[in-house]
Amino acid sequence: MLKKISVSDLRLGMHLHGFEGSWMDHPFWRTRFVIDDPKTLAQAHQSGVRECWIDTSLGLDVAPAGVDVRPRPPAPPPPPVAAAVPSPAPPPPRPPTTTMAEELQAAAAVCKRGREAVVSMFSDARLGRAIDGEACMPLVEQVTESVFRNPGALVSLARLKTHDDYTYMHSVAVCALMVALGRQLGADDTECRRLGLAGLLHDIGKALMPSDVLNKPGKLTDREFDVMRSHPERGHHLLQEARGAGSDALEVCLHHHERVDGTGYPHKLSGDALTREARMGAVCDVYDAITSNRPYKAGWDPAESIARMVSWKGHFDEAILAAFVRSVGIYPTGSLVRMESGRIGIVVEQNPGKPAAPVLSLFYSTRAAMPIPPLRLDLAQAASDRIVGREPAQNWAGRSLDELWLPPEAARARR
């Protein structure tokens, strides 16, 4: 039974069904879980959200008046019947070895080389030449090294595309996102490189799509959409004849448009019928697609995109999506946010292991209704202010805000 209560009345053992208000107003990437540790309970109490829903059929109810609900010490565990093998803990986030500003400049050069490499690869496919996966590995190596040095730089920079660049830079972006996600999931360096190659090659079938359909600025007709839906299978066929394209690349190419509920294409696979790599590819492909400017629409704000992806039930593997959110942040770099102080800021950098506490550049005061000199604020270090929600990007249409997080030298290196 669902019951609406005050967040201050939450206690250990309750099954939290949902918070009142926006998903971005509370510190959890998900809801619907049993509150089983004091730290989680304290986070809920300190979230600033006033009301929530609990499910009394799955957890404790609000205690009657006069009943002591203070947590009791747990009973000692029974002696083990046999020695249990502890499950390995997830690896801690690797700290960046370069600053964001330093890596952005290096990443800009990688993006430029990446675009040239993908343009050449698509041209070879259109001319009927075999794809050479091994020849792509130097680029994958450069992408991987950049992500390992500072995962936020290349992932954020690759999102900035022109309409003409989208098809090519999308492949570079998904390459970087796959490496970052694999790293978050504990993949070793070799596996991360295989995942990066899979991301780079996942859309090779689009090389065989008619250019007037691929770049159409308006809505596709049903017939045109059917043509576009053929690109995973056509790309899979190309990779079967390629040199150095392994099973990961074949899986991601063929199944990155599948959904875990079976409503995707081309084969309507669901659940465990989809490999982990294909489920990873689906998340990375969609995130870059919806945050990028396309011929027919402007990209969504990164934080808005994360919130929408979480709300699309049945689209993605929940565990992989959770890891992806930890990888890019609840408020990815470039997201606009509104602060409790009334200031508006843009996310300029992530803090590893703290997806809800990024580094910001504050640039506007809604209370004074005027711009302010850009002010850097690290939410992992400062308790003087906090994010209260996403700021609609359309409120700032026509104003270039990328300069607040993208150093001029990095912008020049991309040209």
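Analyst: Helices and strands here are DSSP runs, numbered from the N terminus. This model is predicted.

User: How many helices and strands does the chain have?

Analyst: The count is 14 helices and 9 strands.

User: What share of the residues is buried?

Analyst: Buried means under 20% relative accessible area. Of the 415 residues in the chain, 47% are buried. The accessible surface comes to about 20,300 Å², and carbon and sulfur atoms hold 54% of that.

User: How do I read the angle between helix 5 and helix 13?

Analyst: Angles of 65 to 115 degrees count as roughly perpendicular. Helix 5 spans residues 166-184 and helix 13 spans residues 318-328; their axes cross at roughly 105° and come within 9 Å. Therefore helix 5 is roughly perpendicular to helix 13.

User: Which residues meet there, helix 5 against helix 13?

Analyst: From helix 5, Leu177, Ala180, Leu181 and Gln184 take part. Their partners in helix 13 are Ile320, Ala323, Phe324, Arg326, Ser327 and Val328. By class, this contact has 7 nonpolar, 2 polar and 1 charged residues.

User: At what angle do helix 6 and helix 10 pack?

Analyst: The angle is about 40°, with the axes 8 Å apart. Helix 6 covers residues 189-201, and helix 10 covers residues 247-255. Angles under 35 degrees would count as roughly parallel, so helix 6 is oblique to helix 10. The crossing is right-handed.

User: Which residues form the contact of helix 6 with helix 10?

Analyst: Arg194, Ala198 and Leu201 in helix 6 touch Asp248, Ala249, Val252 and Cys253 in helix 10. That contact divides into 5 nonpolar and 2 charged residues, with no polar ones.

Note on methods:
Residues are numbered from 1 along each chain as its sequence is written. This is a predicted model: local features need pLDDT of at least 70, side-chain atom pairs count only at pLDDT 80 or more; totals for chains, interfaces and linings use all residues. Side-chain values use heavy atoms; hydrogens and water are left out. Axes are lines fitted to C-alpha atoms, for helices over the stretch in contact, and angles run from 0 to 180 degrees between N-to-C directions. Helices (H or I, at least four residues) and strands (E, at least two) are DSSP runs, numbered from the N terminus. Angles under 35 degrees count as roughly parallel, over 145 as roughly antiparallel, 65 to 115 as roughly perpendicular and the rest as oblique. Contact means heavy atoms within 4.5 Å. Ala, Val, Leu, Ile, Met, Phe, Trp, Tyr, Cys and Pro count as nonpolar, Asp, Glu, Lys and Arg as charged, and the others, Gly among them, as polar. A crossing is left-handed if the near helix is turned anticlockwise from the far one by less than a right angle, and right-handed if clockwise. Buried means under 20% relative accessible area, exposed over 50%, partly exposed in between (1.4 Å probe, protein chains only). Accessible areas come from the Shrake-Rupley method with a 1.4 Å probe; for residues, only the protein chains shown count as cover.
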